2 protein chains.
Amino acid sequence: MGRIICTGLGPGDPDLMSVKSDRLIRAASHVAYFRKAGRAGQARRIVEGMLAADVTEYAMEYPVTTEMPFDSPEYNQALAQFYDAWADRLARLAQTEEVIVLCEGDPFFYGSFMHLHTRLQGRAKVEVIAGITGMTGCWNAIGAPFTWGDDVLSVLMATLTEQDLITHMARSDAMVVMKTGRNLPKVRSALRAVGRLDDAWLVERGTMPTQRIARLVDVDAEDCPYFAIVLVHGQGRRPEIGGLE
Amino acid sequence: MGRIICTGLGPGDPDLMSVKSDRLIRAASHVAYFRKAGRAGQARRIVEGMLAADVTEYAMEYPVTTEMPFDSPEYNQALAQFYDAWADRLARLAQTEEVIVLCEGDPFFYGSFMHLHTRLQGRAKVEVIAGITGMTGCWNAIGAPFTWGDDVLSVLMATLTEQDLITHMARSDAMVVMKTGRNLPKVRSALRAVGRLDDAWLVERGTMPTQRIARLVDVDAEDCPYFAIVLVHGQGRRPEIGGLE
């Protein structure tokens, strides 16, 4: 009797993977991961050099998206079929084998594996190993404390409307905005509307060798990297420095 | 020339510590950690069995709080002096030694080390190693996907007023409420007001051997554990199961 273990890989630096995920990945015989068709894949890249020589790899390639809009019913249907098919295949494999699924960040935090997890209920033994989320990696990459005291943190997807972004941002102390890409101008505009644009950072590929950290105001309007997160630090209450005086 | 390295320990299970923190802690000669006076301390407990035999330990004991209200100026002053004094001591030690500071969760996410980090700027070389946050450990302990699609996640401190909690909760899909303790009845009441009480979980010591997971509605009104987090899962959009049919 096998099982499926989804290992959170953390934000990108293999040294930030958990001891448990590291151990499972190095000992794995079957390794599956999501990627865009024709790409190496970010998850696979993180474990480069860690896999056994005789490992069997399963690249789960997302349906090609160029012909259909990302939010169309057709694309949604293609995605559903894609997850259905891979859930079937992994469930069969897990009858006899232990299969490690590699997932960037933490698997239960906006992760693709969740679609397999839901479909595998009652069909295979499934275990999930927590990972450091991409946002945690990004605020550490900036190198300053992120949330203090009673700070309210909002995690927002840039796919929300500008008005929704503004409503949430206006009531937040610290903020994380994910899924930026072509939505970055909207994020910038919303941050300006609530007076926080000057406090915002853009972190691309946080904790990876190619990481890029910039103040959002210094990023060109045409520059909309996909794997980037926008962060605004909280400034909550704290005991004053020099309390001895 | 030494330095201070703050290692995020993650949510509690030592197996969920990063490979880097694990390596640094096992090799450490000087280890410092916060704790309540007279207690073993949660951070110290997580690394039990990992420290070298000849390690020097520095227990940074919070000022005793029983005589003064937690939010009084006097307590705030005592805390400021406490952080000032330890920053001085660690800065001196780091002139020649490498000092590992142990911090639960992620050091930059509502962590006590941030008060030392701020005070050590320009006085010592300081490095911080990210960790899995307590909340990530807790939603993994529950074992279900936490945030989907465009879900808005709000991280709220139970020390906010009930009206503030309600305002934020009403606009959130997924929620994390920390610093619960004696504020738990207020949290419960706010969740009831926004119609989400039945969806809420209480996780105490998530990922630790003594972890406890309960639906918040099933927890006694008098039962207000301090190291507990309340979580409400998001239910965002996702491709339907059975997309092939």
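1. Over all chains, the structure holds 28 salt bridges; please keep in mind that this is a predicted model, in which side-chain atom pairs count only at pLDDT 80 or more. Side chains of opposite charge can pair when their charged atoms come close.

2. One of these salt bridges lies within chain A, where A:Arg26 pairs with A:Asp22 and the closest N and O atoms are 3.2 Å apart. Both residues belong to helix H1 (residues 19-26) of chain A and, because they are 4 residues apart there, about one helical turn separates A:Arg26 from A:Asp22.

3. Between chain A and chain B the count is 2 salt bridges. One of them joins B:Arg23 to A:Asp15, with 2.7 Å between the closest N and O atoms.

4. How much area do chain A and chain B bury between them? The value is about 5500 Å², and 61% of it is on carbon and sulfur atoms. In terms of residues, 63 of chain A are in contact with 63 of chain B.

5. Turning to helix packing in chain A, helix H3 (residues 73-93) and helix H4 (residues 113-120) pack with their axes 9 Å apart and at an angle of about 60 degrees, which makes H3(A) oblique to H4(A). The crossing of H3(A) with H4(A) is right-handed. On H3(A), the residues that meet H4(A) are A:Ala80, A:Tyr83, A:Asp84, A:Trp86, A:Ala87, A:Leu90 and A:Ala91, and their partners on H4(A) are A:His115, A:Leu116, A:Arg119 and A:Leu120. By class, this contact has 8 nonpolar, 1 polar and 2 charged residues.

6. In chain B, the axes of helix H3 (residues 73-93) and helix H4 (residues 113-120) come within 9 Å and cross at roughly 60 degrees, and H3(B) and H4(B) are therefore oblique to each other. H3(B) passes H4(B) in a right-handed crossing. Among the residues that meet here are B:Tyr83, B:Trp86 and B:Leu90 in H3(B), and B:Leu116 and B:Arg119 in H4(B). The classes for this contact of H3(B) with H4(B) are 8 nonpolar, 1 polar and 2 charged residues.

7. A further helix pair in chain A consists of helix H6 (residues 162-170) and helix H7 (residues 184-193), which pack at an angle of about 40 degrees with their axes 9 Å apart. H6(A) and H7(A) are therefore oblique to each other, and their crossing is right-handed. H6(A) contributes A:Glu162, A:Leu165, A:Ile166 and A:Met169 to the contact, while H7(A) contributes A:Lys186, A:Val187, A:Ser189, A:Ala190, A:Leu191 and A:Ala193. Sorted by class, the contact of H6(A) with H7(A) has 7 nonpolar, 1 polar and 2 charged residues.

Methods. Residues numbered from 1 in each chain as written. Chains lettered and ligands numbered in written order. Predicted model: local features only at pLDDT ≥ 70, side-chain atom pairs only at ≥ 80, totals over all residues. Heavy atoms only, no water. Axes fitted to C-alpha atoms, helices over the stretch in contact; angles between N-to-C directions. Helix = DSSP H or I, 4+ residues; strand = E, 2+ residues; numbered from the N terminus. Parallel < 35°, antiparallel > 145°, perpendicular 65-115°, else oblique. Left-handed = near helix turned anticlockwise from the far one by under 90°. Contact = heavy atoms within 4.5 Å. Nonpolar A, V, L, I, M, F, W, Y, C, P; charged D, E, K, R; others polar. Buried area = accessible area lost by both parts, 1.4 Å probe. Salt bridge = Lys/Arg side-chain N within 4 Å of Asp/Glu carboxyl O.
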